[in-house]
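A report in running text follows.

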Amino acid sequence: MRVPAAFEYERAESVPHALALLARHGSEARVVAGGHSLLPMMKLRLAQPACLIDINGLTGLSYIREEAGQLRLGAMTRHAELLASALAARHFPLLGDAERVIADPIVRNRGTIGGSLCQADPAEDLSAAFAAAKALAVIEGGGGIRTVPIAEFHRGPYETAVAPDELLTEVRLPIRPGAGSAYEKVERRVGDWAIAAVGAVVWLEGDVVQDVGIGLAAVGAPHFHAAEAEAALRGRAPDAAAIAAAAALAAEHARPTADQRGPVDYKRHLVGELTGRALRRAVARARGREG
Amino acid sequence: MAVSQMIGARIQRREDPRLITGHGRFIEDRTLPGMVHLAVVRSPHPHARIVSIDTAAAGAAPGVLAVLTAKEFHTVLSGTMPVAPAFAPDKKYVPPRFPIAEQEVCFQGEPVAVVVASERALAADAVDLVHVEYEPLPAIVDPEAAMHPGSVKAHTDGPDNIGWDTTFAGGDIEAAFAKAEVRVKERILQQRLAPTSMETRGVLAQYSPFDERLTIWLGSQNPHFIRFFVSMSMGMPESAVRVVAEDVGGGFGGKISPYPEDYLVPAAAKLLGRPVRWIETRTESIQTTTHGRGQVFEAEVAARRDGTLLGLRLTQVLDLGAYHGTFGAFQACAGLMAGGVYRWEAVEARSVGVLTNKVPTDPYRGAGRPEATHVCERMVDRLAQELGMDPAELRRRNFAREFPFTNNFGLVYDSGNYDGTLDRALELADYPALRERQAEARRAGRLVGIGISTWVEICGFGPAAPTAGATGGIALVESAQVRVLPTGSASVFVGTQAQGQGHDTTFAQIVADTLGMPLETIELRHGDTAEGTGFGCGTYGSRSLSVGGMAVQQAAVKVREKARQLAAHLLEADPDDLVFEQGRFAVQGSPATGKSIQEVALAAYGGSLPSGMEHGLEAVSYFDPSNWVWPFGAHVCLVEVDPETGAVRIEQYVGVDDCGTVINPMIVEGQVQGGVAQAIAQALYEEVVYDGESGQLLTGTLLDYLVPTMNEIPDMTLDRTVTPSPVNPLGVKGIGEAGTIAATPAVINAVCDALSPLGIHHVDMPASPDRLWRLMQEARP
């Protein structure tokens, strides 16, 4: 076992308490939820926070419910809970698709929705899924509660709109009629980060794509988002040609980098292939045919 | 428990209740009063000159007792780390290796200093405070480039990078190739692998200055060898050093040879007068525990158009790393085994061991035999493709069928029935139906492939004469001591050292049958050099049962025969008139008159022994096999490759193996399953990667080094045939490495078969999605 550097530890009893602790310890503090990203980084000494603020006691932030036309996920919801949720599966099957390929059962039992989003790893699957679903992030701080569109939540790799003295408390996914969604990922091994992954949500009105969301993970898409591909498909019938055109645009605008998981051209190819697969399954699901 | 036939019984492993409930005794479970913690300062450079080491800041850090460098260690350690002759006795260059670097570091992770502190975390903190000034030197990473005259040298003082260059000539290779009607040639890579045992390495040492005794607890496959080497380096009598390996959480070859820490921790314990413990981190494990494989093969086959094999010529370039692994040259046996299960007119194999600036390589599960099987089975498939012949048919046409079979290098295969395992595997897989399924899939544009691997291995090391030469003096025989206590239970001491092989169960089964005693009354002891036998050679190379298990059986027979003498005395009968059955000696013809083994045991410690008989009921036996043993089998794999993503899915896996007499079928199946899983890991997932320019390890964590999980490993259909070995009385062979030897070519042959419609002839390992996609891209018009 690797040994992390020395750190202080505080356990938050409530959201206001967590905010007070954050205010007191400043930017040297890190919030720990499931800890499956932060603790390995600390053991490798890639992260050396002066203080850990443990929010695992904030059980009030663990819920999945439908409210005000939105699917609302508390930030402390564990991956395993989202995977098991029939409510989430009914409205956004891509969440189940994505959760099934996030890490492994042990990590999913402990890792949280909010932790994944705030870690903002460029390969994070839920970030792409939420980008596709056009989610909203609810952030609390000393100044009150604010809501940020997911497209503005991610500022870059490992950077979010959450200030050092703020806490992400909830993710909201607007529920709209005619929806279908799917998530496609290619990984080297179960539990690994994606080589490339694509989430797609379509909202059909009759035979026309009234709106569409396409989220990309691990391929350098700004805000995990394939804006050009969405624009090309919006307002069109989701036929093979339209999907192929959208897939090509997603591939063209992705900015993958070469690493152990593969070279640039392969990743770009995967973006196109997986965008096509995700869109086809999303459309099939929107039409009531499981794809 | 009623005594019946134990050999062949499907008995659950006796060691498992302890291990699977968290009650194993691993190194990190053991603490001693006053124990302190050692952490190692390692080179971040693959190659550099050490300019200076400043230990002042680390020495002044909280809790730090000492910071030690080569200078201090020279006061308690001497000599260099051992290198065995193995299969390359004529070495050209063996760079000397002291357990800790002095002037030059030659691989990333090489120890430079150690910190000893009161707490593990404080030792880790202080490591960062040791300031080592390095002058970086050019590093050589690629073994083939390292062979060129004028290459950057892995050691600045070395003449070049050639560790050995040996050619094994098996017949007239020129004549065989002159008859060729068809030739196929291929370059086949064996990537570096990290053994990745679940328990990393660890060493705890206690030195008593008053009686000058040293005890070392460590995770080892080979405790007697560790005592042999460390006692010599420390200038202590071998008898004053005790090495204990309790439960060992996996080895896979990575815990055979002595490591720097095996010397440094005991030396630090002696220098400081405190018990010292070091536990390897996972990163250290991937970085510094010896790697396996790391070879490049160039192979060429000559054959007739009818599929008759004529000649096989190959070169093995073996990446030694920065130093020779103690048993690194064992892997040169790949050349001797490259002919596989087939008859050849000639085989010629050149092996070149090459030094590079990477961690040393050493045996890894299979060690040379998976490489041999992979080359041979890939080449046979290439030839089948070239000839348009069914690969099963081509194999059958060339199988060795007369046993004992002498291969081109004079090695004598003890027994075999290669048709038997292949027929059974094809039957279980329903081979004709698989081919139909494949044809149908191909018509639909899908990439489905079938791979076959028919394999044989040499194992059971022994015999004494050749192995004593190979180790540099110690014969790989095994001994056992069987001691029956007065109340009729038995302690059995062996020199092998299980790390998951289930010896506590199988060896006890042998004793139970031989002495007619209930299994639960038989205790197996191993891993402690202070107990039992004078020397043991450890567990690796699928040798434990066929050498160590036979010593156990022989010792138990000796005990039984002494008991027979004593029983005869007690019964006033002739020993030859006694029958021994179910643990009882009875007089032939009057079954009511008899003595149980337990009654005899008590008498052996009593006052009524026959004149001339010594007290006690125990025996020691050494077993030196007359030959190696040669397990074999046939595996069949069905895969589908996604034409767009390059992902491989194993749809079906069948393995039929023959390891002679089976002591415990459940353990045999477990060994095969684990072995196949480890081979699938090599075929599709695992690879140690160093940056080709900087020499930096790029796969230093389990996020980067892809050990597969249960999700990647398919259900397997396993079966066996039984062809007993004539080499030992029980007819046993070995099974620990079989799956690892068999399965990589089965998987890769299947992948190649799947891609063959695209004109792809060969795929290197790991067959990762991006690698397959690249090949398909290049093949598509």
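## Helix packing, aromatic pairs and backbone geometry

In chain B, the residues Ala563(B), Leu566(B), Ala567(B) and Leu570(B) of helix α17(B) are in contact with Ile597(B), Val600(B), Ala603(B) and Ala604(B) of helix α18(B), where contact means heavy atoms within 4.5 Å. By class, this contact of α17(B) with α18(B) comprises eight nonpolar, no polar and no charged residues; Ala, Val, Leu, Ile, Met, Phe, Trp, Tyr, Cys and Pro count as nonpolar, Asp, Glu, Lys and Arg as charged, and the others, Gly among them, as polar.

The model is a predicted one, in which local features need pLDDT of at least 70 and side-chain atom pairs count only at pLDDT 80 or more, while totals for chains, interfaces and linings use all residues. Residues are numbered from 1 along each chain as its sequence is written, chains are lettered from A and ligands numbered from 1 in the order in which they are written, and side-chain values use heavy atoms, with hydrogens and water left out.

Two packed helices are described by the angle between their axes and the distance between the axes. Here the axes are lines fitted to C-alpha atoms, for helices over the stretch in contact, and the angles run from 0 to 180 degrees between N-to-C directions; helices (H or I, at least four residues) and strands (E, at least two) are DSSP runs, numbered from the N terminus. Helix α17 (residues 544-571) of chain B packs against helix α18 (residues 597-604) of chain B at an angle of about 85°, with their axes 10 Å apart. That makes α17(B) roughly perpendicular to α18(B), given that angles under 35 degrees count as roughly parallel, over 145 as roughly antiparallel, 65 to 115 as roughly perpendicular and the rest as oblique.

Helix α16 (residues 503-515) of chain B packs with α17(B) at an angle of about 30°, and their axes are 9 Å apart. The two helices α16(B) and α17(B) are therefore roughly parallel to each other. The residues of the contact of α16(B) with α17(B) divide into nine nonpolar, six polar and one charged.

A pair of aromatic rings is described by the distance of the centres and the angle of the planes. Rings of Phe, Tyr and Trp (its six-membered ring) pair if their centres lie within 6.5 Å, and planes under 30 degrees apart count as stacked, over 60 as edge-to-face and the rest as tilted. By this rule there are 18 aromatic pairs over all chains, and two of them are set out below.

| Aromatic pair | Centre to centre | Angle between planes | Class |
|---|---|---|---|
| Phe225(B) and Phe228(B) | 6.4 Å | 70° | edge-to-face |
| Phe403(B) and Tyr418(B) | 5.3 Å | 90° | edge-to-face |

Phe225(B) and Phe228(B) both lie in helix α7 (residues 223-233) of chain B, three residues apart, about one turn of the helix. Phe225(B) is buried at a relative accessible area of 3%, whereas Phe228(B), at 22% relative accessibility, counts as partly exposed; buried means under 20% relative accessible area, exposed over 50%, and partly exposed in between (1.4 Å probe, protein chains only). One aromatic cluster is formed by Phe225(B), Phe228(B), Phe229(B), Phe327(B) and Phe535(B).

The other tabulated pair links distant parts of the chain, with Phe403(B) in the loop between α12 (391-398) and β16 (405-406) of chain B and Tyr418(B) in helix α13 (residues 418-429) of chain B, 15 residues apart. Phe403(B) is partly exposed at 24% relative accessibility, while Tyr418(B) is buried at 2%. Phe403(B) also takes part in a cis peptide bond to Pro404(B), with omega near -5°. A further cis peptide bond runs from Met765(B) to Pro766(B), with omega near -5°, and Pro766(B) lies in the loop between α20 (738-755) and α21 (769-779) of chain B.

Ala367(B), a residue other than glycine, has a positive phi near 40°; Ala367(B) is found in the loop between β15 (346-355) and α11 (369-387) of chain B and counts as buried at 2% relative accessibility.
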